[in-house]
Each structure stands twice: as C-alpha cells, then as structure tokens.
Amino acid sequence: MSQKTNQDKKMLAWRFDRLQALKKNKDVATDKAIKAFMLTAREEFTLARNKPRAYDHAFLDIGYGVTISGPHLVMRMTSALDVQPEDKVMEVGTGSGYQSAVLAHLSNHVYTVEIIEPLHKRTKEVYSKLVEAGNPEYQNVHLKSGDGYHGWEENAPFNKIIVTCAIDHIPPPLLKQLAPNGVMVIPVGPPGKQTLLHVQKEVDAEGKVTITRKDVYNGKKSVSFVPFTKEGGGTWSGRRDTH
C-alpha cells in the first residue's frame, strides 16, 4: 500500500497496528469499514505537533477549542452508519475533515458542515492539497460553513447523517432531512456524558413516520463530544438556548 499511495511507511504501520485494536474492540464491523480506515491517512488531518500521536487511542486538539475524535470512536460511528456506495451522507461538524475523509471511501456523495469559519477554510485547504496529491475521492466531499443544526436543506434528503458534536436532543431539521429508512448517528446527553444514538426513520405507505433509537454501545459506555455550537455564539439546547 505504501508504494501504491506513496504514504509514510511508519504512519502506515501505526495505522495497521491501530486497526488490530479496532478489530479486537469491535469498533470496525465490516470489510469496507476496514478498507476505509486503512485508506485514510489520519495524520494528514492532525496538527503537525500531533502527528506522532495520530493513531493513539485518544482525541487530539485541532485548535479553535475543538478536537478530532479518537480512531476508535470515528470507526464505531462509521460502522453504525453502514454507508452504502450510493448513499448521500451528511456530517454535522467537519472539524479536521478526518471523519468525512473516511466516509469518502464509502460513498461518492459526502456533505459536511462546519460552523467555525477559520476551521472550515483550513480543512478545505487540506482537502485541496490532498486532491492535488492524487486523492481524487476527496473531490466528492462537499464542504459548507454554517450552522449544522439546520442541516443542508438544499441537498436533502440524506440517507445517512452523522453528528460529531454533543446536544441534548435530536435537532428536528436533521430528522426532517433524513430520508425514509435513513439512519442518523448522534451523541445526545449532558456535557461530558452523552449516549451515542443510532436513530432510524421509517415512513409507511400512508406517510406515518416512526423514529426508533438505540444505544450504539448498548449501555456499556458513554461518550464525550464538544458542544453543538450555534451561529452567533453559545450552544444549542432543547430546553433553552444558552449563551
């Protein structure tokens, strides 16, 4: 693979070692998810000072008060989505761009929204450089700067939606933009301790909508994501907007 992709052999070895841990902990469930993980150079999406830690079992700072989730969590969420090649996928919370890069190896239709404008610009430049370096699959990642709470209505519906920031409820606009039989993976709960939910939207022949929810970790663990930031400052809350 290193000859084919001109990737750093040391990084590739670390990636392979991390993959063994992901398999052992059942954070990757399918061959296609394994392939997507091995094809995505996580070190390209970290800050230079954190490259030696790119494959640690840990989140890493990426500036602007936000982080890149650990490989175990990225791949657990990716596996829960079970992306199909023709699925239209939306990510809320572009951040470093790593999650959407993994998704780009599973679908040709990836949309991602980031509310922090300077981070959006930086990640867009990362993608441009990767495309120029011979990674055409990243041309299929569509980036937008905006408030992800409102989704990306002009490109809806989406077969899959992944939310990479924490909130205390499922945003109604995202449910609306989820296609029939679509799946959303989203961390829901209080700061520092959310449940990672697998949400499925079903619509019967009469148009009746049923939403089902289940814990991706089956109650065995919680997750901790950065808050779901709203445009103009503060965070989104179902009880009361906070500033």
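V92 has V163 of strand β6 as its bridge partner. Four bridges join strand β3 (residues 89-92) to β6, and the two strands run parallel; strands pair if DSSP finds at least two bridges between them. The model is predicted, with local features needing pLDDT of at least 70, side-chain atom pairs counting only at pLDDT 80 or more, and totals for chains, interfaces and linings using all residues. Residues are numbered from 1 along each chain as its sequence is written, and side-chain values use heavy atoms, with hydrogens and water left out.

**Strands β6 and β7**

- Four bridges also join β6 to β7, again in parallel.
- F158 has L178 of β7 as its bridge partner.
- From β6 the chain passes through helix α7 (residues 172-177) to β7, a right-handed β-α-β crossover; right-handed means that, with the strands pointing away from the viewer, the path from the first strand over the helix to the second runs clockwise.
- Helices (H or I, at least four residues) and strands (E, at least two) are DSSP runs, numbered from the N terminus.
- Five of the six residues of β6 are buried, that is, under 20% relative accessible area with a 1.4 Å probe and protein chains only.

**Helix α4**

- Because 11 of the 11 residues of helix α4 (residues 71-81) are buried, the helix is largely enclosed by the rest of the structure.
- Among the buried residues of α4 are H72, R76 and T78.
- The elements covering the buried residues of α4 include α2 (9-24), α3 (31-39), β6 (158-163) and β7 (178-188), where contact means heavy atoms within 4.5 Å.

Notes:
Buried < 20%, exposed > 50% of the residue type's maximum accessible area, 1.4 Å probe, protein only.
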